[in-house]
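Hello,

Here is the structure I promised to pass on to you. Please open it beside this email and follow along as you read.

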Amino acid sequence: KVYYGDKLPKWAIERYSRQILLPDIGVQGQEKLCAAKVLVVGAGGLGCPASVYLAGAGVGEIGIVDYDSVDLTNIHRQILHTERDQNTSKAESAADTLRSINSHIKITPYTVQLDSNNALGIASRYDVILDCSDNVPTRYLLNDVCAIAKKPLISGSALKMEGQLTVYGYRADRNHNEKDLSHQGPCYRCVFPNPPPAEAVGSCSANGVAGPVPGVIGALQALEAIKLIVGQTHEKLLVGRLLIFDGEDVTFRTVKLRPRNSQCAACSESPTITRLVDYEAFCKAQAKEKDLDLQIL
Amino acid sequence: KVYYGDKLPKWAIERYSRQILLPDIGVQGQEKLCAAKVLVVGAGGLGCPASVYLAGAGVGEIGIVDYDSVDLTNIHRQILHTERDQNTSKAESAADTLRSINSHIKITPYTVQLDSNNALGIASRYDVILDCSDNVPTRYLLNDVCAIAKKPLISGSALKMEGQLTVYGYRADRNHNEKDLSHQGPCYRCVFPNPPPAEAVGSCSANGVAGPVPGVIGALQALEAIKLIVGQTHEKLLVGRLLIFDGEDVTFRTVKLRPRNSQCAACSESPTITRLVDYEAFCKAQAKEKDLDLQIL
Amino acid sequence: MAASVKLHLQFGGGAELLFDKIKKREIELPALKKYFPDCQHDKWNIRDLLVWIKDNLLRERPELFLQGDSVRPGILVLINDADWELYGELDYELQDNDTIMFISTLHGG
Amino acid sequence: MAASVKLHLQFGGGAELLFDKIKKREIELPALKKYFPDCQHDKWNIRDLLVWIKDNLLRERPELFLQGDSVRPGILVLINDADWELYGELDYELQDNDTIMFISTLHGG
Ligand SMILES: [Zn+2]
Ligand SMILES: [Zn+2]
């Protein structure tokens with residue numbers, strides 16, 4: 001290989017030039033992106049736009065997890081799947097599209113339901129986890145995985161015309177640009193120690209979602225992942241801040257979250273959760289989206 | 001054809017169910033989407049995400065204009081093009097991907113440089129225009145086209161880590177949900193009567209852009225188009241409001257623009273611009289993106 | 001005796017469905033002792049506000065909004081765009097013109 | 001004689017590149033007559049502020065920010081998140097704690 005500069009080959013300098021030009025990325029940032037490994041959990045409305053921008057940016061390894069297969073009702077928002085992909089694995093379908101966009105990176109599809117037995121093994125292969133899932137048990141599972149494995153979790157969600165986004169479990173000690181290396185952002189359990197009652201939880205299949213809404217949140221998840229990988233500090237990231245988007249009138253607000261809880265069951269110095277539990281039991285809910293009763297139409 | 005309800009066939013009710021469930025869309029809104037015609041000008045960083053969500057939503061006809069061909073440096077943000085599409089027409093490449101996502105809609109690629117001779121002819125076939133272009137002359141051209149043809153213009157832009165979005169030329173008289181049918185939003189010339197000096201204008205190829213930034217803005221352009229088509233009123237749309245996004249720290253703000261200028265050269269009752277002019281001369285700039293000088297790398 | 005308090009209430013993330021689907025409301029609370037004659041303190045706090053909301057605004061299924069004397073898990077309370085935990089949660093004394101927001105967390109994707 | 005005025009200045013869309021790449025600044029303007037002894041009016045307006053910015057903050061290529069006594073075409077001036085045209089443009093009298101934002105319009109895609 002012919003290297004240009006220290007590590008990046010010349011083709012990469014040219015191919016990624018539009019982002020290398022950004023002062024916040026540069027050649028060094030691109031080297032970090034090319035070396036980074038990101039796990040995207042969910043190949044749906046959030047995971048599709050998130051992973052397509054990560055692949056475009058040249059993130060070296062992308063894992064994409066989804067147990068489900070492509071349904072025709074997914075396609076309005078799950079932009080990596082085509083009509084021909086119906087009834088095939090979402091993870092495989094997404095991976096195929098991502099490979100066609102960037103043949104220089106490694107894409108690993110996981111057609112599995114993430115659970116307490118397999119999650120740590122899969123997540124430990126990656127540096128950053130994106131929560132693009134669609135149910136409460138998986139969100140607590142991923143939080144605890146990230147707390148145990150000490151990985152940042154970029155958590156997006158979308159329903160109807162609204163979306164939410166924040167970065168959980170950020171640790172400054174991984175980033176030498178930080179002044180205070182002891183800074184840690186809150187985790188999901190710091191803010192939400194208890195799960196919501198199952199009957200209060202909506203789902204895209206039961207309540208609907210406008211396609212561009214997860215599109216916005218998923219793209220922002222990719223942006224936060226890129227910023228995190230190139231070493232932006234916590235003030236620039238959505239650490240300890242929650243973005244709330246309402247597409248109904250296109251309003252965004254960023255609210256300040258509580259700091260990390262020094263007694264948190266998951267992320268404190270002496271956590272009570274030291275291994276994964278049964279999240280469907282903890283949340284009294286299934287780790288899959290609620291189904292739509294088509295009778296209501 | 002078997003119709004379900006008044007007009008929508010049963011397959012469409014099922015396929016688009018996730019957005020039909022939304023109170024703001026419903027079966028009536030979906031009928032409007034299936035009957036709508038949207039022109040997307042630019043198959044780049046904004047036009048790709050914008051058109052993919054419009055195709056997903058079932059917009060009946062989508063035109064996509066781009067004179068350019070796919071370059072490897074585009075792919076990080078122009079998510080409808082794959083590595084195999086290099087050097088082919090961007091409009092054709094985008095159209096092919098959109099067709100694979102939705103075979104029930106009509107996609108028309110236009111591999112032309114939009115100019116004063118062809119713009120009105122193309123735009124008059126559509127109900128709503130999305131400005132996903134990348135240069136100042138095309139932005140003034142599209143504004144005047146929309147003023148003359150009385151079409152709303154959903155204008156997005158992105159550069160480096162920032163994005164902007166607003167709806168120009170909105171006319172309440174096309175929307176029977178509006179209380180005041182005389183309301184008109186400002187056009188681009190109402191706010192910016194004179195073009196900027198050419199040396200003050202940045203471009204994605206010269207200044208760079210983070211891929212997810214046009215991803216966010218393009219998805220929001222699609223959302224505004226969907227809301228406009230289903231009949232949301234101007235208070236809910238970015239009419240007379242400009243969204244400003246800074247990805248550096250993920251801040252969004254919505255600022256209030258001036259109202260329509262009753263003396264506006266383009267959109268007033270007695271406009272001085274009654275036919276298209278030479279926009280490259282008016283802007284003292286070429287209607288194409290500034291090129292990157294790769295020497296600087 | 002403390003005066004009345006004007007508040008901006010906001011509901012989102014689905015919490016508005018329990019409140020006639022209205023996302024933004026301007027309310028004016030009467031003097032606290034007028035509303036709760038037996039109350040031991042002088043100024044409205046969030047705990048009092050939740051009772052007032054239950055009495056005056058909550059249309060259906062209070063268990064989807066309240067649990068005990070607090071909000072149910074999964075609803076984030078924001079006082080002027082900051083997590084209420086930063087301000088003492090239920091004991092925060094409401095100030096004139098405060099914006100109090102109740103956001104249901106979303107889990108869809 | 002009018003007192004000093006504190007302002008939040010913000011630059012975006014590339015306009016910050018002319019100001020040491022700093023997007024947000026807190027500034028305090030001295031009493032107007034102190035800065036412009038020959039001035040015929042008492043209170044700072046935007047016209048005065050632009051001169052002050054040129055003298056004190058603008059590092060390079062003033063023609064990319066100013067044109068005549070106003071800002072160049074393509075820069076939107078916002079007074080507390082509203083287009084300055086709604087407030088009299090150059091003649092708007094600055095109030096303590098105003099946020100004045102200069103946003104370059106973007107054209108990329
Ligand atoms: Zn925690
Ligand atoms: Zn006008």
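Let us begin with a helix, and with what to expect of its length: the expected span of a helix is 1.5 Å times one less than its number of residues. Helices here are DSSP runs of H or I with at least four residues, strands are runs of E with at least two, and both are numbered from the N terminus. Please keep in mind that this is a predicted model, in which local features need pLDDT of at least 70 and side-chain atom pairs count only at pLDDT 80 or more, while totals for chains, interfaces and linings use all residues. Residues are numbered from 1 along each chain as its sequence is written, chains are lettered from A and ligands numbered from 1 in the order in which they are written, and side-chain values use heavy atoms, with hydrogens and water left out.

**Helix α5 of chain B**

Helix α5 of chain B covers residues 90-101, so its 12 residues should span 16 Å; the C-alpha atoms at its ends are 17 Å apart, which agrees. Which residues of α5(B) are buried? Among them are B:Ala91, B:Ala94, B:Leu98 and B:Ile101. Buried means under 20% relative accessible area, exposed means over 50%, and partly exposed is in between (1.4 Å probe, protein chains only). The cover over these buried residues includes α1 (10-15), α4 (47-57), β2 (61-65) and β3 (106-110) of chain B. At the N-terminal end, B:Ser89 caps α5(B), with a side-chain oxygen 3.2 Å from the backbone nitrogen of B:Ala91. A polar contact is a pair of N or O atoms within 3.5 Å; within protein, one must be able to donate a hydrogen and the other to accept it, and residues adjacent in sequence count only if both atoms are side-chain atoms.

**The zinc ion**

Which protein atoms are the donors of the zinc ion (ligand 1)? They are the SG atoms of A:Cys187, A:Cys190, A:Cys264 and A:Cys267, lying 2.3 Å from the zinc ion. Donors are N, O and S atoms within 2.8 Å of the metal (3.2 Å for Na, K and Ca), and sites may look incomplete since water is not among the atoms. Along the chain, the donors follow the spacing C-x2-C-x73-C-x2-C. The four donor atoms subtend angles of 94 to 120°, which makes the arrangement tetrahedral; four donors count as tetrahedral if all angles lie between 85 and 135 degrees. Both A:Cys187 and A:Cys190 are buried.

**How the chains meet**

Three pairs of chains touch, and the most contacts are between chains A and B. Contact means heavy atoms within 4.5 Å. No contact joins chain A and chain D, whose closest C-alpha atoms lie 11 Å apart. Chain C and chain D have no contact either, and their closest C-alpha atoms lie 18 Å apart.

A rotation of 180° with 0.0 Å of shift along its axis superposes chain B on chain A (RMSD 0.0 Å). That is the relation of a two-fold axis. The superposition is by least squares on the C-alpha atoms of residues with pLDDT of at least 70 in both copies. In chain B, B:Val216 comes closest to the rotation axis, at 2.4 Å (C-alpha). Because 100% of the interface residues of chain B are also interface residues in chain A, the copies meet through the same surface.

**A lysine to look at**

A:Lys284 has a positive phi of about 50° although it is not a glycine. A:Lys284 lies in the segment after α11 (279-283) of chain A, and is exposed, with a relative accessible area of 70%.

Enjoy exploring!

Note on methods: Tetrahedral: all angles 85-135°; square planar, octahedral: opposite > 155°, others 65-115°.
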